[in-house]
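Thank you all for coming; I would like to take a few minutes to walk through one model with you.

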Amino acid sequence: MITLTDVYKVYDQGDQRVAALNGVSLHVPRGEIFGVLGPSGAGKSTLIRCVNLLERPTSGSVQVAGQEMTRLSPEGLRRARQRIGMIFQHFNLLNSRTVAGNVAYPLEISGCSADERQRRVAELLSLVGLSDKANAYPSQLSGGQKQRVGIARALANNPDVLLSDEATSALDPQNTIAILNLLRDLNQRLGLTILLITHEMNVVKQVCRSVAIMEEGRIIEQGTVSRLVSSPGSHLARALLPPLDPPPVSPGTTTAIITFIGALADQPVLSSLVRQFDVEVNILSGSIQNVGGQRVGQLQVGLRGGQVSQALDHLRRLGLRVEVH
Amino acid sequence: MEWSIWLPVLWTSTLDTLYMVMVATFFTVLFGLPLGVLLVATDRSGLMPAPLVNQILGTVVNAARSLPFIILLVVVIPITRLLTGTTIGATAAIVPLSRAAIPFFARVSETSLREVDRGLIEAAQSMGSSPWQIITRVLIPEALPSLVLGTAITIINLIGYSAMAGAIGGGGLGDLAIRYGYQRYETGILVVTVLILIVMVQGLQALGNMLARRLSRK
């Protein structure tokens, strides 16, 4: 749905040339929730603005829904943008318009008739759960409500794609969860493709199926969240699964870190070790969390006696990730 | 002092002042606001970047503002005659008044329009708005409270200018104050015209504040 190929964005600052994007390539399949994660200053904002050409890339190709954005005429670009919704960290609602007026704005731009507009506004407000606030002004709403208006407005023209620019970064934890759930719900119900940028790992953990990690204008890692979490040494895995304390050294004990993903996290694999391989299992530390709708567990265990190496091989055959220290 | 004589004169002069100030305000906003919009839109980071146009406009506006009003009154006499067919009276005064206030209001409205959050413009662009749609549906409505206050300031300036226009035969309260109050030593008239001007300015500022507050949804 969205394909960036070798995108560069270079700013001239006096005699210095600063590259905000340094050869970024990215593919977001239809119906995906794709997160771009990185610290501030990594180029995420520039990246998402290059998708709807709020920033024009210095070079490279930007395709959305099969259309090469960089080659569109001004009029063509405006029409393409009507099919790409965008929501913002600071909501960017028009203060001079009511909630209904804000949602109606993109419909006015796309030349919708007044009757159709009214119908669609009511539909959108009920979709985001704000029907009772139609005549309120943005200044009378909470942050979470403002972002709901932002989402309703972004969806007004039935876009193929929703771009989310740090949409939850100005919200409190509860509203963040509510907005993320709404996005996931919209993704499932409408088949909406969502590209979001964020500096919050929790956002990726909660809603993204795929992720790209950015640093200094480059994507340093890209893939589905579940694959990256289960690849040892990946940036995502390191960031998501906190490093475990080094185990106390005791002779005759093998220490291993076992990572479980998905259904395996719920299986009693450890007890099978005890029964089949006659090893003593001592749990040193561990955690289980939800990542991208999957359960990911990590256990640090001490194993002694019996057939330790066979036991570990058995775990690997089951599809667990095992690191021996 | 014979009030039965002076009252009708004061009344006519007040109406003259109001007439030339209001008509001049109309032309000032009519030409000044588009200039302000152009100054903002053609800016390097504006909606329709055109640095050269921006620079030329800025220079013209500055030059137009640097002429002292009393000089301007004389300089535009030929234009006034061309447009109104006369060079004295309230109608004739409208020409120099508008000419003085247009560049002033261009700068005032430019400042108001620049205060509109860039994020709103970006959001409007992301929804596929044309520059014209952004100007008419985002920039001006969002800046409206501030534009109203700017208009109030401009009108108050025009009242001050109109008194000066009176000095060279423009009619209105200024004319009255100079010819009778000053040249004929009718101090009472001088005091009353000043009082009327004070009330006018106070009333306008209060009206502007009230309107701006009512329009502001922040």
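Before the elements themselves, a word on terms: I call two residues in contact if their C-beta atoms, placed from the backbone, lie within 7 Å. Axes are lines fitted to C-alpha atoms, for helices over the stretch in contact, and angles run from 0 to 180 degrees between N-to-C directions. Helices (H or I, at least four residues) and strands (E, at least two) are DSSP runs, numbered from the N terminus, and two strands pair if DSSP finds at least two bridges between them.

This is a predicted model, in which local features need pLDDT of at least 70 and side-chain atom pairs count only at pLDDT 80 or more, while totals for chains, interfaces and linings use all residues. Residues are numbered from 1 along each chain as its sequence is written, and chains are lettered from A and ligands numbered from 1 in the order in which they are written.

Let me begin with chain A, which is divided into domain 1 (2-236) and domain 2 (243-324), the bounds coming from an automatic or database domain assignment. The C-alpha centres of these two domains of chain A lie 40 Å apart, and their contact takes eight residues from domain 1 and nine residues from domain 2. On the domain 1 side, helix H8 (residues 225-230) of chain A gives the largest share, four residues.

In chain A there is an open sheet of four strands, antiparallel in its pairing, with the order E2-E1-E4-E5; its edge strands are E2 and strand E5 (67-68), each of which pairs on one side only. Strand E1 (residues 2-13) and strand E2 (residues 16-28) of chain A run antiparallel and are joined by 10 bridges, and within that pairing A:Val7 has A:Val24 in E2(A) as its bridge partner, while A:Asp12 stands opposite A:Arg17 in E2(A). Two residues lie between the strands of the hairpin of E1(A) and E2(A), where A:Gly14 takes a positive phi near 65°. Helix H1 (residues 44-51) of chain A lies across E1, E2 and strand E4 (59-64), and runs at about 60° to E2(A).

Another open sheet of four strands in chain A, again with antiparallel pairing, has the order E12-E13-E11-E14. Why is one side of strand E12 (280-291) and of strand E14 (321-324) of chain A left without a neighbour in the sheet? Both stand at the edges, each with a single partner strand, so one side of each has no neighbour there. From one strand to the next the twist averages 15°. Strand E11 (residues 254-261) and strand E13 (residues 294-304) of chain A pair over eight bridges in the antiparallel sense, with A:Ile261 bridged to A:Val296 in E13(A). Helix H11 (residues 308-317) of chain A lies across E11, E13 and E14, running at about 150° to E14(A).

Turning to chain B, we find nine helices and zero strands, and a C-alpha trace that spans about 70 × 40 × 25 Å along its principal axes. Helix H1 (residues 3-41) of chain B packs against H7(B) at an angle of about 140°, with the axes 9 Å apart. That angle makes H1(B) oblique to H7(B), given that angles under 35 degrees count as roughly parallel, over 145 as roughly antiparallel, 65 to 115 as roughly perpendicular and the rest as oblique. The contact of H1(B) with H7(B) has 11 nonpolar, six polar and no charged residues, where Ala, Val, Leu, Ile, Met, Phe, Trp, Tyr, Cys and Pro count as nonpolar, Asp, Glu, Lys and Arg as charged, and the others, Gly among them, as polar.

The axes of helix H8 (residues 172-182) and helix H9 (residues 187-215) of chain B come within 8 Å and cross at roughly 160°, which makes H8(B) roughly antiparallel to H9(B). Their contact, by class, has nine nonpolar, three polar and no charged residues.

Finally, where the chains meet, the contact takes 17 residues from chain B and 18 residues from chain A. Helix H6 (118-126) and helix H7 (131-167) of chain B each supply at least two residues of the chain B side, and the largest share of that side, six residues, comes from H6(B). By class, the side of chain B that touches chain A has six nonpolar, seven polar and four charged residues.
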